[in-house]
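Here's a quick walk through a single protein chain, going from the overall picture to a handful of individual residues. Have the viewer open and follow along.

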Amino acid sequence: MATITFIGLGNMGGPMAGNLLKAGHELTVFDLSESAVKTLVDQGAKTADTVLEAVRDAQVVITMLPAGQHVETVYLGEHGLLAHLPAATLVIDSSTIAPETSRSVADAARSADITLLDAPVSGGVAGAKAGSLTFICGGEAEAFERARPILENMGKNVFHAGPSGAGQIAKICNNMLLAIQMAGTSEALALGVKNGLDPAVLSEIMKKSSGGNWVLNGYNPWPGVMEAAPASRDYAGGFLVNLMTKDLGLAMENATANHSPVPMGSLARNLFEFHAAQGNGQLDFSSIQRFYRPDPE
Ligand code: NAD
């Protein structure tokens, strides 16, 4: 078992840290939110007054922060961890951030003889709670093998995508494809229903035909077709439109920087940005269905 410090105990980080405790690791936690810290302390974690105290005995540091600027603050800022961690520390950043930011923080870590792995996740809050996340890692193979048993305490699938930043690239490619699939599936369902088809029957047909996809299999955007899907609870919870627009923004920045044509991703980004601007940012991203057809009265 390892001595781990977990920083960033939000919707994802809180339950991920909880799974490390259940697996028997010695865990210290830190967050700017006192209530987030208290939830983990109540489960048996230690905490500290400052982030530097929190990492004092850590063999492994894991961060799960909102965006690139938070990751830069924690590792490179005024009390940045990289200037204080011992050389053997393994650092795992599971935040979804720009690949360039991941690479620059990993480079700074390397200069301090610290190994940093980018390890963004797929699977959402439900996957974080169930310990069934997919980890998509970028960094040296040796660091990946060191991290693997710890990541397996929080996830079911653990991939090594390539060198530093590769985890972030694979993650933004995946989420760009997911956004395109969700918009396309919503569009096809709306067209069928407009023609009088039952959305549940049409979904079954498409699932078993060449249009079958992940959205139809487990995340149907039409209300009432799939009881457990966010669409059947007014699109509450799940993966927020605001987070999808963040990830699509990262994909567009990356595509611009390396001159990759991404017309489908760009359309999906505009569609989700428009949807967010209409006041839907806090809804699940499958609510894009409402763009094509409002819910029945
Ligand atoms: P969140 O906003 O719920 O949690 C972030 C936490 O970080 C908060 O508790 C905040 O107080 C803390 N924090 C911010 N700055 C800090 C600092 N300087 N020091 C210590 N703590 C600090 O976010 P989340 O939903 O848990 O997402 C975290 C990351 O995971 C994001 O990058 C997101 O894109 C990614 N992600 C989220 C989901 C999802 O469904 N929520 C799915 C996959 C990936």
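What follows covers the chain as a whole, then some residues one by one.

## Ground rules

This is a predicted model, where local features need pLDDT of at least 70, side-chain atom pairs count only at pLDDT 80 or more, and totals for chains, interfaces and linings use all residues. Residues are numbered from 1 along each chain as its sequence is written, and side-chain values use heavy atoms, with hydrogens and water left out.

## The chain as a whole

Let's start with the fold inventory: the chain has 13 helices and nine strands. Both kinds of element are DSSP runs numbered from the N terminus, with helices being H or I runs of at least four residues and strands being E runs of at least two. The C-alpha trace spans about 65 × 45 × 35 Å along its principal axes.

## Surface, contacts and charge

Buried residues account for 51% of the 297 in the chain. Here "buried" means under 20% relative accessible area, "exposed" means over 50%, and "partly exposed" is in between (1.4 Å probe, protein chains only). The accessible surface totals about 13,900 Å², with 55% of it belonging to carbon and sulfur atoms. Those areas come from the Shrake-Rupley method with a 1.4 Å probe, and for residues only the protein chains shown count as cover.

Of the contacts with a separation of 6 or more, 63% are between residues 24 or more positions apart; a contact means heavy atoms within 4.5 Å. On the charge side, there are 19 positive and 29 negative charges, and their mean positions are 6 Å apart. Lys and Arg count as positive and Asp and Glu as negative, while His and the chain ends are not counted. Each charge is placed at NZ of Lys, CZ of Arg, CG of Asp or CD of Glu.

Leu9 sits in the loop between β1 (3-7) and α1, and its 5% relative accessibility makes it buried. Leaving aside neighbours within four places in sequence, Leu9 has contacts that include Gly14, Ala17, Val29, Phe30 and Leu40. Thr39 is 30 residues from Leu9 along the chain, with 9.1 Å between their C-alpha atoms.

Gly13 belongs to helix α1 and is buried at a relative accessible area of 1%. Outside the four places either way in sequence, Gly13 touches Phe6, Gly8 and Met64. In strand β2 you'll find Thr28, buried at 14% relative accessible area. Thr28 and Ala54 are in contact, their C-alpha atoms being 6.2 Å apart across 26 residues of sequence.

Is His25 buried or exposed? Its relative accessibility is 8%, so His25 counts as buried. This residue lies in the loop between α1 (13-22) and β2 (26-30). Beyond four places in sequence, His25 touches Met1, Ala2, Ile4, Leu20, Ile150 and Asn153. The His25 side chain also reaches the backbone nitrogen of Ala2 at 3.1 Å.

## Phe144 in helix α7

Further along, Phe144 is part of helix α7 (residues 141-151) and is buried, at 3% relative accessibility. Not counting residues up to four places away, Phe144 touches Leu117, Cys137, Val158, Phe159 and His160. Between the C-alpha atoms of Phe144 and Ala58 there are 18 Å.

## Two positive phi angles

Most residues other than glycine have a negative phi. Asp234 has a positive one, about 55°. Asp234 is in the loop between α10 (214-218) and α11 (241-257) and is exposed, with 55% relative accessible area.

His259 also has a positive phi, near 55°. You'll find His259 in the loop between α11 and α12 (263-280), where its 72% relative accessibility makes it exposed.

Definitions and conventions:
A polar contact is a pair of N or O atoms within 3.5 Å; within protein, one must be able to donate a hydrogen and the other to accept it, and residues adjacent in sequence count only if both atoms are side-chain atoms.
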